[in-house]
Amino acid sequence: MKKFLKTLAISATLLIATNAQAQSKEVVIAYQDMVVPWRYAQDAQALEKKTGYKVTFRKLASGADVIRALASGSVQIGEAGSAPIASGLSQGLDIQLFWILDNINDAEALVVRNGSGVNSLADLKGKRLAVPFVSTSHFHTLLALENAKVDPRGVKIVNLRPPEIAAAWERGDIDATFIWDPVLAKAKKSGQVLITSGQIAQQTGKATFDGIVVSKAFAQQNDAFLTELVKVLADTDDNYRKNKVAWTADSPQVKAVAKWSGAEASEVPASLALYEFPTLQQQASPAWLSGGAAKSLAATAAFLKGQGTIQNVLPDYSAGVNATWVRKAAQ
């Protein structure tokens, strides 16, 4: 009887250990409505098939929401723009940037409503401009106004998330917005582009990007998973770069991007063309994860502090950037 009970106890212990191991092979990834090739991999469950992990994708409305979810531990990996990432790191959040989802370029733009009387940045004085606060577009909104010597306090800047901006634009509640697709495409139908993030970057030398970050606690326990995730991201971006002509409105790739982002399939090819997607080799280069990204985060944080959005700026942001998994994926 004792032998039986001992065997039962050992079996129970092994079962608990096995279950614990199985449960550890789970991850919640927060994503937004950005129009990027990675959406196709999500739809095809490429990551699940490659790793055997149970992957739950959670759509959040803004980068600030993603940073809050990472801080709470409700997600382990998340997509966010360089501004919310800089904000999170500045507040001591234990996360690391490990993939540049996109170089924003002209994929974010300040659009003014037709008939609003706004033809220049100076004309925004007294107008209602909607933007998600602590986002890349918020950073570039303030930077564009500063560069044009326009006092942002004279502009009615309101904090709205992308779905709220779409609704406010439809109602005619706002005169302008600095936003990304799919809302950007909708706004362009009854508005005109005043300036893009790409143009602001050229004027000021301060570019913006979207990235993928991971909590350090998860990263320490899931090194191989992150390497495989990077491979999936790189392969999907490579597929797009080499086969752009095949990514048409009726292709499975574009339909998947539309499904996950909420964009119209007919608008996706043009939206994708506005971004730049760094290659695996470029990711690890000094331009991005081996120097450039940390410098961009530092510049963004300094600007956000100057605007009163954050309280602290770190002396160095390189600890918040990790090229380990990109290098492993490239081997």
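In this predicted model, strands β1 and β3, the latter covering residues 77-81, pair in the parallel sense over two bridges. Within β3, I77 is the bridge partner of I29. Strand β1 also pairs with β2, residues 54-59; these two run parallel and are joined by six bridges. There, E26 has K54 in β2 as its bridge partner. How much of β1 is covered? Of the six residues in this strand, which spans 26-31, five are buried.

I turn next to helix α15, residues 292-306. Its 15 residues reach 21 Å from the first C-alpha to the last, close to the 21 Å expected. Among its buried residues are L297, F303 and L304. Against which elements do the buried residues of α15 pack? They pack against α5, β4, α6 and β10. After the helix comes G308, with a positive phi near 80 degrees.

Finally, some backbone details. Most residues other than glycine have a negative phi, and most peptide bonds are trans. N105, although not a glycine, has a positive phi of about 50 degrees. N105 sits in the loop between β4 and β5, and is partly exposed, with a relative accessible area of 28%. V134, likewise not a glycine, has a positive phi of about 55 degrees. This residue lies in the loop between β6 and α6. Is V134 buried or exposed? V134 is buried, at a relative accessible area of 17%. Lastly, the peptide bond joining D181 and P182 is cis, with omega about 10 degrees; P182 is found in the loop between β8 and α8.

Terms used:
Residues are numbered from 1 along each chain as its sequence is written. This is a predicted model: local features need pLDDT of at least 70, side-chain atom pairs count only at pLDDT 80 or more; totals for chains, interfaces and linings use all residues. Side-chain values use heavy atoms; hydrogens and water are left out. Helices (H or I, at least four residues) and strands (E, at least two) are DSSP runs, numbered from the N terminus. The expected span of a helix is 1.5 Å times one less than its number of residues. Buried means under 20% relative accessible area, exposed over 50%, partly exposed in between (1.4 Å probe, protein chains only). Contact means heavy atoms within 4.5 Å. Two strands pair if DSSP finds at least two bridges between them.
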